[in-house]
Amino acid sequence: MKDRHELLQAAARFIEQEGAAVARVAAQVDESLLAVADLIREAGGKVIVTGSGTSGTIARRLAHLLSVTGTPALYQNPGDGLHGSLGVATAGDVVIAISKGGESTELAEFIRRTKDRGAKGVVLTAAPESSLAQAADAVVVIDSDSADPGGIIAMGSTLATAAWGDALAILLMGEGGYTWEKVLHSHPGGAVGRNAEELLKAVEG
């Protein structure tokens with residue numbers, strides 16, 4: 001077994017690798033971000049974000065942050081979707097599916113069936129030639145340069161995808177003119193709600 005000090009050093013190096021993976025996303029922000037924003041705005045409905053495993057956790061986070069920044073969104077588990085919940089998708093909606101490898105059978109089926117219902121499909125993946133990408137209306141390639149341990153455990157790759165999603169939320173907020181006052185109005189709970197007046201002065205000052 002390695003010395004605990006060595007393990008600490010290895011842990012710190014891993015965090016640096018993850019940080020580098022997130023930083024690389026900035027260079028990957030291109031016209032595809034604008035295309036997804038345009039698709040959402042022109043569709044006019046809500047955004048449904050989906051994913052399995054750790055990608056599902058990132059999908060839930062993205063749905064929350066889109067709603068916070070003025071784009072109505074919700075998370076839908078793809079497995080539950082194939083057992084009736086894909087009825088949540090209607091014409092005018094945009095489905096964003098997150099999958100690094102792009103070969104999640106239930107996600108591909110979810111995309112296909114929600115498109116049958118009139119929704120548009122967006123895929124965030126590292127595999128643009130995957131079956132999931134082939135089923136989408138728009139594909140965003142996010143390359144985290146194997147920032148996952150063993151290329152298996154979804155860590156750095158999901159952080160990179162989360163960063164891209166944050167950029168999408170901020171872009172939509174800016175283009176839609178969603179104000180900080182509206183952000184704070186929808187967040188009356190916790191420390192943010194208690195300090196809303198001071199926070200509004202700070203962000204607008």
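Where is the place of Ala91? Ala91 belongs to the loop between α4 (78-81) and β3, where helices (H or I, at least four residues) and strands (E, at least two) are DSSP runs, numbered from the N terminus. Before going on, note that this is a predicted model, in which local features need pLDDT of at least 70, side-chain atom pairs count only at pLDDT 80 or more, and totals for chains, interfaces and linings use all residues. Residues are numbered from 1 along each chain as its sequence is written, and side-chain values use heavy atoms, with hydrogens and water left out.

Ala91 is exposed, with a relative accessible area of 60%; the scale here is buried under 20%, exposed over 50% and partly exposed in between, using a 1.4 Å probe and protein chains only. Ala91 touches Arg117, Gly118 and Ala119, not counting residues up to four places away in sequence, and contact means heavy atoms within 4.5 Å. The C-alpha atom of Ala91 is also separated by 8.2 Å from that of Ala43, 48 residues apart along the chain.

Now for the inside. Take Leu168: leaving out residues up to four places away in sequence, Leu168 touches Leu33, Val36, Ala37, Ile40, Leu66 and Ile96.

What about empty space? Rolling a probe the size of a water molecule over the atoms shows where it is left. On a 1 Å grid over the protein atoms alone, a cavity is a set of points where a 1.4 Å probe fits but cannot get out, a pocket is an open set with protein on both sides within 12 Å along at least five of seven lines, and lining residues have an atom within 4 Å of a point. The structure holds one cavity of 30 Å³ or more, and the largest cavity has a volume of about 100 Å³, taken as the space filled by probe spheres set on the points, which are joined across faces, edges and corners. Of the 13 residues lining the largest cavity, Ile98, Ser99, Lys100, Ser157 and Thr161 lie nearest its centre. α7 gives the most to this lining, with three residues.

Some of those names come back around Ser55, in helix α3. Ser55 is buried at a relative accessible area of 13% and touches Ile98, Ser99 and Lys100, not counting residues up to four places away in sequence. Ser104, in the loop between β3 (94-98) and α5 (105-116), is buried too, at 14%. Leaving aside neighbours within four places in sequence, Ser104 is in contact with Ser52 and Ser99.

Finally, the largest pocket has a volume of about 220 Å³. Its lining includes Ile40, Arg41, Thr69, Leu172 and Tyr178. Both α2 (31-43) and α7 (156-176) supply at least two residues of that lining, with α7 giving the largest share, three residues.
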